[in-house]
Amino acid sequence: MDWAQGVHRGGAGSVSGNVVNLRSHRKHKERVAREAKAAENRTTYGRTKAERQFDARRSDESVRQHDGRRLDPDDEGPAPA
């Protein structure tokens with residue numbers, strides 16, 4: 001191998017590999033990580049609008065039922081001594 005003149009004669013002991021643009025590699029790696037995070041978030045938080053509305057409606061009904069069964073302090077009778 002004659003590195004001084006920029007000539008590389010490949011042979012059995014060839015050291016050269018693929019040339020990689022580090023900026024492109026970094027961006028690709030970040031893109032893959034973002035896509036993986038997005039897929040994870042879709043499974044964790046991804047719900048349809050109908051599912052969100054159903055849960056909101058059920059929560060509202062639960063709160064109304066709970067409030068409707070609440071006892072007022074006046075309805076409990078005489079205060080304990």
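Visitor: Why does Arg47 count as partly exposed?

Guide: The relative accessibility of Arg47 is 39%. Buried means under 20% relative accessible area, exposed over 50%, and partly exposed in between, with a 1.4 Å probe and protein chains only. Because 39% falls between these limits, Arg47 is partly exposed. This is a predicted model, in which local features need pLDDT of at least 70 and side-chain atom pairs count only at pLDDT 80 or more, while totals for chains, interfaces and linings use all residues. Residues are numbered from 1 along each chain as its sequence is written, and side-chain values use heavy atoms, with hydrogens and water left out.

Visitor: What makes the contact between Arg47 and Asp55 a salt bridge?

Guide: The N to O distance between these side chains is 2.3 Å. A salt bridge requires a side-chain nitrogen of Lys or Arg within 4 Å of a carboxyl oxygen of Asp or Glu, so the pair of Arg47 and Asp55 qualifies. In general, side chains of opposite charge can pair when their charged atoms come close. Asp55 is itself partly exposed, at 27% relative accessible area.

Visitor: Which residues are joined with Asp55 into one network?

Guide: Asp55 also meets Arg58 in a salt bridge, at 2.8 Å from N to O. Through shared partners, salt bridges join Arg47, Asp55 and Arg58 into one network. Arg58 and Asp55 both belong to helix H2 (residues 49–68), three residues apart, or about one turn of the helix. At 48% relative accessible area, Arg58 is likewise partly exposed.

Visitor: What is the secondary structure of the protein?

Guide: There are two helices and zero strands. Helices (H or I, at least four residues) and strands (E, at least two) are DSSP runs, numbered from the N terminus.

Visitor: How many of the residues are buried, as a percentage?

Guide: Of the 81 residues in the protein, 0% are buried.
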